[in-house]
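Visitor: Hi, could you walk me through this model? I'd like to look at a few residues and then hop around.

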Amino acid sequence: MSTDTGLGVAAFVVLPLLVAVAVLASRSAQLRHDKGIVTAAVRAVLQLALVGAVVGFALQTIWGALAFVLVMLTVATITSTRRLQSTAVVPGQLAYCAVAIGGSACVVLLLLILPGVVPRNPETILPMGGIIIGGAMNATTLAGRRLLHEYGARFGEYEAALSIGLMPPDAFKLVAGPTAGDALLPALDQTRTVGLVTLPGAFVGMVLGGASPTAAAALQLVVLLGLIAAEAIAILVTTELLARAALPDGRTVSS
C-alpha cells in the first residue's frame, strides 16, 4: 500500500515539480530548451503508457520482440536525423543515421545473442535491443553534431587542407574528426564509475527481482561493454559517412 501511495505522489506532485525545476534552470542558463523539456516530459508519459500496453504482446514471440526492436530503430534514426539537421542539412542524412545506429546495434546484438551470452528469448532481446539502440542513437547524434559544428567553425582550415592537395574526406577528418570522440565520454565515464557513483538499471532490477549480486553484476558488465562497442562503431561510421558526404558550405553550418 505504501508503495502505491508513493508512486501516486511522484506522478502527480514530484514529477511536474522536477519538470518545472528543469525549465527554470534552462531559462536561467539560457539553454533555449524550455519548450523541449516540457515536450519531452509529456511525450515520455504518453509513450510509456502506450508501450506498457504494447510490450505485453511483443514479448509473446521472438518475432514480436524483433518487430518492436525495428520500431525502436526507426524512431532512433528519425530522432538522430532531426538533431543533425538542426546543425546542417546533408544529403542522405537519414540513411547515414540508419546505417550508423542500425549497423552498430546489429553487430553488438548478434555478438551477444548468437553465442548465447544473453538468453535467446523475447524478454531479453527486447530490453537489450532498446538499450543498445539508445546508446548508438546518442553516440550518432553527439558525434554528428560535433563533427558538423567543428567543420563549420574551422571551414577555413578545411579549405586550406584542400588547397594543399588533401581529398575532401581526409580534410574533413583532419579538421573535425578528433572531436567525434567526445561522444563516447558518457559511456566511458559510466563504465569507469559503475558501482562507485552509479548502480545502473540492469543491476538494480535483477537484484530487486531476486537474482544474486554476482549474476546481476555479470549482466550489467555485458550491457556496459556492449554499449561502449556499439557507440564506438556508431561514431566511426558517422565520421566516415559524413567525411564522404556532399557537405554544405561550412559558412552555412549552424553552431
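Visitor: Which residues is Thr81 in contact with, leaving aside its neighbours within four places in sequence?
Guide: Thr81 is in contact with Gln93, Leu94 and Cys97, where contact means heavy atoms within 4.5 Å. This is a predicted model, with pLDDT of at least 70 needed for local features and 80 or more for side-chain atom pairs, while totals for chains, interfaces and linings use all residues. Residues are numbered from 1 along each chain as its sequence is written, and side-chain values use heavy atoms, leaving out hydrogens and water.

Visitor: Where is Thr81 found, and is it buried or exposed?
Guide: Thr81 is found in helix α3, residues 62-85. Helices here are DSSP runs (H or I, at least four residues; strands are E, at least two), numbered from the N terminus. Thr81 counts as buried because its relative accessible area is 4%; buried means under 20%, exposed over 50% and partly exposed in between, with a 1.4 Å probe and protein chains only.

Visitor: And how far apart are the C-alpha atoms of Thr81 and Gly92?
Guide: They are separated by 9.8 Å, with the two residues 11 apart along the chain.

Visitor: Another threonine, then: what does Thr124 touch, not counting residues up to four places away in sequence?
Guide: Thr124 touches Val118 and Pro119. Its place is in helix α5, which covers residues 122-153, and at 16% relative accessibility Thr124 is buried.

Visitor: Now the core. Which residues touch the most other members of the largest nonpolar core?
Guide: Those are Ile132, Tyr151 and Phe172, in a core of 51 residues. A nonpolar core is a set of buried Ala, Val, Leu, Ile, Met, Phe, Trp, Tyr and Cys residues joined through side-chain atoms within 4.5 Å. Two or more residues each come from α3, α4 (93-113), α5, α6 (155-163), α7 (168-175) and α10 (213-243). Of these, α5 gives the most, with 12 residues.

Visitor: What's around Ile132?
Guide: Beyond four places in sequence, Ile132 touches Ala105, Val108, Leu109, Val223, Gly226, Leu227 and Ala230.

Visitor: Why does the pair of Tyr151 and Phe172 tie together parts that are 21 residues apart in sequence?
Guide: Because Tyr151 lies in helix α5 and Phe172 in helix α7. Tyr151 is buried at 2% relative accessible area, and Phe172 is buried at 0%. Phe155 counts as buried too, at 9%. Tyr151, Phe155, Tyr158 and Phe172 form one aromatic cluster.

Visitor: Switching to charges: how many salt bridges does the structure hold?
Guide: There are 7, a salt bridge being a side-chain nitrogen of Lys or Arg within 4 Å of a carboxyl oxygen of Asp or Glu. One of them joins Asp182 and Arg146 (3.6 Å, N to O). That pair links distant parts of the chain, with Asp182 in the loop between α7 and α8 (185-192) and Arg146 in helix α5, 36 residues apart. Asp182 is partly exposed at 36% relative accessibility, as is Arg146 at 28%.

Visitor: What about Arg192 and Asp189?
Guide: Their side chains meet in a salt bridge, also at 3.6 Å, N to O. They are separated by about one helical turn, because they are 3 residues apart in helix α8. Arg192 is exposed at 59% relative accessible area, whereas Asp189 is partly exposed at 40%. Elsewhere, salt bridges that share partners join Glu150, Arg154 and Glu157 into one network.

Visitor: Last one: which residues form a nonpolar patch on the surface?
Guide: Phe12, Val13, Val14, Leu15 and Leu18 do, with about 510 Å² of accessible area together. Patches take residues with over 30% relative accessible area and no salt bridge, joining like charges within 9 Å and nonpolar side chains (Val, Leu, Ile, Met, Phe, Trp, Tyr) within 5 Å. The areas come from the Shrake-Rupley method with a 1.4 Å probe, and for residues only the protein chains shown count as cover. Leu18 sits in helix α1 (residues 2-28) and is exposed at 52% relative accessibility.

How values were computed
Rings of Phe, Tyr and Trp (its six-membered ring) pair if their centres lie within 6.5 Å; planes under 30 degrees apart count as stacked, over 60 as edge-to-face and the rest as tilted.
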